[in-house]
Amino acid sequence: MNERIFFEKKEKAGLPACAGESLLDLLYPRRCPVCEKILLRNEPLICGKCARELPWVREPFCRKCGRMISDPSRELCSDCESRLHFFDEGRAAFLYEKGIRQSVDRMKFQNRRAYIPFYAQAMAAAAAPVLPVWRPECIVPVPMHPKKRAERGYDQSVLLAAAFGSVTGLRVEPTALVRTRYTKASKMLGRESRKKNMRGVFAVNPEIRLPDRVLLLDDIYTTGTTMDTASRALRQHGVREICFLTLCIGRGEE
Ligand SMILES: [Zn+2]
Ligand SMILES: [Zn+2]
């Protein structure tokens, strides 16, 4: 994993800072997405202390969904052993815990869109070993329902996909998937109820011509129900290879 990028200082080409830029820095200082400390001009997208403590997903992890497992002799987590998924493979950058969990919650519920470039960079680092294998032809975000987006003012998956696209140079199709039903939060539901809750939630936008290989993008992978539902919709629409990338993944049961 290319974690080096988080320790590199921002390169400045020796140019004097323009007045407008420093004024902006004063008014809206960049903050570390984990501890919220104000970042200095030459610091990267995260402070050094938090960069060293990031909860990266590490080996051994499930070859299918990317969830960390404790037994290195196993290929799959117990979830992927016991059921089939509609996606081919997926990876996540971080475990959904420690400061990252709070960071993502602030990004979603307290309008911290400024964290997104850092998240995209982390996702690109996590995906670097698999992107040449997956060779996705475009990125499709797992979208919110339009009503929810209107309430929040933005859709974090769409913003993540745009930022990830600009880091990797991959084409983004932000409107390829549409959420057709406003679902209740499924956090507290069991797997079966979750499945029911999500059934037929996504439709493929008929105006978008999708390629053979698609990379789905979302902020968190928990039980995989959302990712499966989205993958199923794409597959029914003729997409052949579907991989996914998320910023975070839960530990799940093993
Ligand atoms: Zn920090
Ligand atoms: Zn798995």
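Visitor: What makes β1 and β6 count as paired strands, and in which sense do they pair?

Guide: The model is predicted. In it, β1 and β6 pair in the parallel sense over six bridges. Pairing requires at least two bridges from DSSP, so six bridges qualify β1 and β6 as a pair. One bridge links A92 to its partner T246 in β6.

Visitor: How do you know that β5 and β6 pair?

Guide: Apply the rule again. Strand β5 (residues 213-221) and strand β6 (residues 241-249) share eight bridges, in the parallel sense. The cut-off is at least two, so β5 and β6 pair. L216 has F244 as its bridge partner in β6.

Visitor: Why are β1 and β2 called edge strands?

Guide: The open sheet has four strands, in the order β1-β6-β5-β2, with parallel pairing. β1 (89-95) and β2 (138-141) each pair on one side only. From one strand to the next, the twist averages 25°.

Visitor: Which helix packs on the sheet by touching β1 and β6?

Guide: Helix α5 (residues 116-127) does, and its direction makes about 130° with that of β1. Contact here means C-beta atoms within 7 Å.

Visitor: Where does helix α10 lie?

Guide: Helix α10 (residues 225-236) lies across β1, β5 and β6. The angle to β5 is about 160°.

Visitor: What makes β1 "mostly covered"?

Guide: Count its buried residues. A residue is buried if 20 or more other C-beta atoms lie within 10 Å of its own. Five of the seven residues in β1 are buried, so β1 is mostly covered.

Technical notes. Residues numbered from 1 in each chain as written. Chains lettered and ligands numbered in written order. Predicted model: local features only at pLDDT ≥ 70, side-chain atom pairs only at ≥ 80, totals over all residues. Axes fitted to C-alpha atoms, helices over the stretch in contact; angles between N-to-C directions. Contact = placed C-beta atoms within 7 Å. Buried ≥ 20, exposed ≤ 12 C-beta atoms within 10 Å, placed from the backbone.
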